Amino acid sequence: MEPVRLERHGPIAVIVVDHPPVNALSHPVRAGLLGAILEADADRGIAAIVVHGAGKNFIAGADIRELEQTPRAPLLNDVLMRLESCSKPVVAALHGAVLGGGLETALACHYRCATPDARLGLPEVKLGLLPGAGGTQRLPRLIGAKRALEMMVSGEPIGREEALALGLVDRPLPEGDPLAGAMEYARELVAQGAPPRRVREKPLPEPLPDEKFFAEFRRSLPRSARRSAAVDRIVQCVEAARSLAFEEGLALSRQLFEECRASDESAALRHLFFAERSASRSGGGSPREVRSVCVVGAGTMGSGIAAACAMHGLQLALVDREQGALESGMARLRSAVESAAKRGRLDEGGAAAVLERVTTARNLDAARDADLVIEAVYENLALKQEVFRQLDGICRPGTVLATNTSTLDVDAIASATRRPQDVLGMHFFSPAHVMRLLEIVRGRATSPDSLATALAVGKRIGKLGVVVGNCFGFVGNRMLYAYGRENQLMMLEGVPPERIDAVLEEWGMAMGPNAVGDLAGLDVGYRVRRERRDLPDDPRYFRVFDLLAELGRYGRKTGRGVYLYEGEKRERRPDPEVRELIRAEAARLGVAQREVSDAEIVERCIYALINEGARILEEGIASTAADIDVIWCNGYGFPRTRGGPMFHADRLGLTTVLDGIRRFAREQGERYWQPAPLLVRLAAEGKTFGAWRRAADAAD
Ligand code: 3H9
């Protein structure tokens with residue numbers, strides 16, 4: 001079927017964009033649109049034109065897959081210039097997603113009407129792009145430079161009511177399909193003799209932004225936005241809208257768009273766009289229906305998970321043996337729900353409706369009616385096995401039993417039941433009601449349906465679920481150990497912890513490894529390491545964190561860890577005493593002090609991460625390199641503009657990474673610097689992690 005068709009309803013022409021799933025503006029759509037515009041404009045029997053998107057959305061923007069190639073004519077800019085030039089009124093019938101090139105299309109129409117579900121935005125910046133089809137020139141002319149800049153720099157869409165208030169939408173339509181209302185609007189316009197109204201002919205509204213305005217706007221940007229080349233170019237384009245004629249501003253924005261499109265930043269963000277969507281696919285299983293969830297353990301994690309479930313419409317039972325724990329868990333849950341309500345994040349009914357869905361119990365019998373149980377008790381294998389043994393006796397057949405363990409063997413936990421096919425891991429990240437990442441751990445016997453159920457629940461509660469295999473640390477924490485190891489060794493070699501953090505933060509990590517350690521609590525990792533039997537026999541291994549934990553310096557919560565946290569704001573401050581402690585420990589262990597360059601700090605941490613990622617990939621713990629990228633960008637603060645560790649490695653070239661690892665092996669010894677066999681093979685073959693599939697998967 002043609003992706004664009006022209007329908008005639010008496011004197012009203014309707015151009016229908018019908019290109020599932022989201023009416024993206026791929027080449028055939030642009031060509032179809034142009035053809036339909038020319039035909040409708042030339043037809044004397046047509047008095048007005050409506051542009052409509054079939055399905056649930058108007059148009060969700062350019063086709064992101066096509067952005068990999070040089071664009072083919074007709075370019076969207078040219079199509080929209082022609083649309084705007086139409087000699088009869090053109091009405092945009094807005095509903096659902098009106099995003100990116102979709103909003104730019106609406107801006108080139110002469111009148112805009114919208115149903116209440118319309119979401120209007122220019123999210124290009126999230127893909128490292130700027131609105132390249134006139135959005136940077138038309139939006140400021142319509143709603144003013146300040147609001148236009150805010151929308152383009154944040155990339156966040158606005159709702160219909162705000163769009164009406166801003167003059168971005170002219171007429172509200174009732175709920176449902178917008179087409180009838182839009183045609184009605186078009187007929188009225190014809191009856192009134194309303195002329196075509198072209199945004200490009202409007203001057204920028206007063207007060208005109210001056211140089212000072214733009215300088216201040218740039219200064220007010222958060223650090224991450226100031227580093228983004230796309231943001232910088234968006235501001236340049238709006239400056240051009242102020243000082244240049246429309247056509248010149250448009251030409252400049254097109255040129256800057258092309259620069260963005262060709263940038264590494266945009267390639268990385270586009271990679272993540274698709275990686276995040278494919279990570280959450282079920283891989284063949286059918287999800288079971290889940291209406292009620294039972295969370296066992298009302299500690300920090302348990303109450304956070306419970307809050308996430310209840311806030312997203314699930315019936316929730318929170319269970320803890322201890323009355324005190326149950327009460328403090330409920331207090332945390334309530335405060336999470338209330339703060340979400342304050343920020344307008346809850347649907348109808350607000351906090352009261354959410355809390356009504358929550359019950360508490362001291363006894364596991366409360367799990368009897370649950371469709372899914374998530375266990376979040378203390379991290380101890382025997383305890384968890386006992387909980388699962390009991391659940392096995394209590395729960396209905398088919399209930400999915402999940403453990404929130406971050407370190408224990410999911411198969412060992414499943415073995416306590418007679419239904420290992422229904423057991424899996426759901427590894428949430430703290431705070432569980434905020435962090436998006438969810439590692440879903442596939443045990444040896446876990447069925448595809450159980451996995452699909454966990455993925456579906458994850459999606460429902462706003463999480464990004466990624467299925468991973470069962471091993472110590474799964475994907476995220478196992479790689480974190482490799483990355484953290486180099487941080488620890490460099491501290492012993494004499495690099496101050498604050499310098500390592502500063503260098504890695506400058507490189508793009510949201511937080512350096514030492515600040516992260518303090519935030520998570522140095523005692524947490526310390527306890528985990530005491531339980532492990534597989535650690536290298538190396539007195540230097542995580543010695544600095546262990547030493548600080550032994551001294552009761554647990555991090556933020558004790559006011560001192562690697563850093564000091566004093567004063568009202570409790571901001572991190574380097575502690576000279578820690579430097580001394582590390583120096584003395586290095587001397588005791590006989591670690592020579594040496595100069596380490598900024599480049600070495602980055603390469604040792606990041607190459608260690610990549611090398612471990614390559615092993616994880618080859619072992620099948622992660623299904624694809626893209627899954628690893630999704631995990632590290634969403635759970636560990638890896639810079640999205642670098643696309644994740646495996647994408648970054650592919651961009652650097654695997655030979656470069658391998659050469660670096662071999663150099664470190666020569667300089668530091670081979671103990672930690674054995675290149676992963678997959679890395680060696682792919683580098684030799686000139687291939688990438690991104691394109692690699694295990695033989696069994698490739699044959700599917
Ligand atoms: C742009 O417009 C540049 C312009 O300035 C023009 C310059 C010349 N392209 O998210 P979902 C696919 S840049 C291709 O799961 P939802 C998506 O991959 C663009 N494919 O559904 C998925 O496929 P699959 C600016 C796209 O209901 C399926 O559609 N626009 C695109 O949760 C369903 O997606 C944006 O950045 C696309 N543009 O959310 C908007 N969009 O099933 C990006 C979606 O095979 N899109 N797909 O995995 C979104 O924000 C959400 O997808 C949307 C729907 C809200 C529309």
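Mentor: With the angle classes: under 35 degrees counts as roughly parallel, over 145 as roughly antiparallel, 65 to 115 as roughly perpendicular and the rest as oblique. This is a predicted model, where local features need pLDDT of at least 70, side-chain atom pairs count only at pLDDT 80 or more, and totals for chains, interfaces and linings use all residues. Residues are numbered from 1 along each chain as its sequence is written, and side-chain values use heavy atoms, without hydrogens and water.

Trainee: Why are α13 and α14 called oblique to each other?
Mentor: Helix α13 (residues 300-311) and helix α14 (residues 323-342) pack at an angle of about 40 degrees. Angles run from 0 to 180 degrees between N-to-C directions, with axes fitted to C-alpha atoms over the stretch in contact. The two helices are therefore oblique.

Trainee: What makes Ala306 and Ala307 part of the contact with α14?
Mentor: Contact means heavy atoms within 4.5 Å. Ala306 and Ala307 are among the α13 residues that meet α14, where the residues met include Leu333 and Ala336.

Trainee: How do you know that β18 and β19 pair?
Mentor: Two strands pair if DSSP finds at least two bridges between them. Four bridges join β18 (residues 563-566) to β19 (residues 571-574), and the strands run antiparallel.

Trainee: What makes β16 and β17 a pair, and in which sense?
Mentor: Strand β16 (residues 437-442) and β17 share six bridges in the parallel sense. Glu439 has Val466 as its bridge partner in β17.
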